[in-house]
Amino acid sequence: MTVVSFHLVSSLGPAEVLDVLTDFSPARAEAWPSIDAAHFAVHGLGEGWAEVTEGTAAAWERARYDWRPGGDEVTVTTLDSKLFGPGGGWHFRLTPEGGGTRVDVRLTRTPGTLKGRLLASLLPVVAPSALRKSFAGPLKAI
């Protein structure tokens with residue numbers, strides 16, 4: 001299992017960051033550079049949870065999102081993935097900071113394939129800066 005942690009600071013308030021992380025409308029594929037419309041599907045959605053498939057042809061995953069409306073955490077559990085096995089996922093913790101929000105991110109991956117194991121071994125080195133860049137636009141990082 002590989003774990004990568006990093007943080008970024010958003011100019012958005014915590015409620016707005018939560019809204020961006022849990023917006024499963026068709027606009028999600030436009031807002032997030034790592035999601036294309038052809039690999040985005042909402043399988044179920046309720047108050048405080050969603051099950052979606054998202055990603056690209058090269059790397060997609062089906063995941064369950066859980067959050068408390070008005071809360072300060074979002075947990076994403078990987079159910080299936082092209083590169084990584086079930087389990088693992090993402091954890092986002094939102095903390096007010098200045099006029100915005102500090103977003104602490106923890107990514108956990110359980111490789112399911114040889115390619116996944118290779119990628120997982122590289123994650124601690126390349127993921128923090130690449131993921132910060134990927135999140136910067138949608139979360140309006142400063």
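## R102 and its strand

R102 sits in strand β7. Strands are DSSP runs of E with at least two residues, and helices are DSSP runs of H or I with at least four; both are numbered from the N terminus. The relative accessibility of R102 is 27%, so R102 counts as partly exposed. R102 and F92 are 10 residues apart in sequence, and their C-alpha atoms are 9.9 Å apart in space.

This is a predicted model, in which local features need pLDDT of at least 70, side-chain atom pairs count only at pLDDT 80 or more, and totals for chains, interfaces and linings use all residues. Residues are numbered from 1 along each chain as its sequence is written, and side-chain values use heavy atoms, with hydrogens and water left out.

## The whole chain

The chain has three helices and seven strands. What order do the elements run in from the N terminus? They go β-α-α-β-β-β-β-β-β-α. The radius of gyration, taken over C-alpha atoms, is 14 Å for the chain, close to the 14 Å that the globule rule gives for 142 residues, so the chain is as compact as a globular protein of that length. That rule is 2.2 Å times the number of residues to the power 0.38.

Along the principal axes, the C-alpha atoms fill a box of roughly 45 × 35 × 25 Å. Of the 142 residues in the chain, 42% are buried.

## Helix α1

Helix α1 covers residues 14-21, and V17, L18 and L21 are buried in it. Why do they line one face of the helix? Seen down the axis of α1, the buried residues fall within an arc of 100°, so they line one face. The arc is that of the directions from the helix axis to the C-beta atoms. A15 and D19 are exposed, on the face of α1 turned away from its buried side.

Strands pair if DSSP finds at least two bridges between them. Strand β2 (residues 41-46) runs antiparallel to β3, and five bridges join them. V42 stands opposite V52 in β3. The hairpin of β2 and β3 has two residues between the strands, and G48 takes a positive phi near 90° there.

Next comes β4. Seven bridges join β3 to β4, again antiparallel. T53 has R62 in β4 as its bridge partner. This hairpin has four residues between its strands. The covered face of β4 holds E61, A63, Y65 and W67. The uncovered face holds W60, R62, R64 and D66.

β4 also pairs with β5, in the antiparallel sense, over seven bridges. Here R62 stands opposite D80 in β5. Five residues lie between β4 and β5 in their hairpin, and G70 in the turn has a positive phi of about 80°.

V74 belongs to strand β5. Is V74 buried or exposed? Its relative accessibility is 0%, so V74 counts as buried. V74 and T56 are 18 residues apart along the chain, and 22 Å separates their C-alpha atoms.

K140 lies in the segment after α3. Its phi is near 50°, a positive value in a residue other than glycine. At 44% relative accessibility, K140 counts as partly exposed.

## The largest pocket

Rolling a probe the size of a water molecule over the atoms shows where empty space is left. A pocket is found on a 1 Å grid over the protein atoms alone: an open set of points where a 1.4 Å probe fits, with protein on both sides within 12 Å along at least five of seven lines. The largest pocket holds about 800 Å³ of space. That volume is the space filled by probe spheres set on the points, which are joined across faces, edges and corners.

How many residues line the largest pocket? There are 29, and S34, A59, W90, R109 and L131 lie nearest its centre. A lining residue has an atom within 4 Å of a point. β3 (49-55), β4 (60-67), β5 (73-81), β6 (89-97), β7 (100-109) and α3 (114-139) each supply at least two lining residues. α3 gives the most, with nine residues.

By class, the lining has 20 nonpolar, five polar and four charged residues. Ala, Val, Leu, Ile, Met, Phe, Trp, Tyr, Cys and Pro count as nonpolar; Asp, Glu, Lys and Arg count as charged; the others, Gly among them, count as polar.

Key: Buried means under 20% relative accessible area, exposed over 50%, partly exposed in between (1.4 Å probe, protein chains only).
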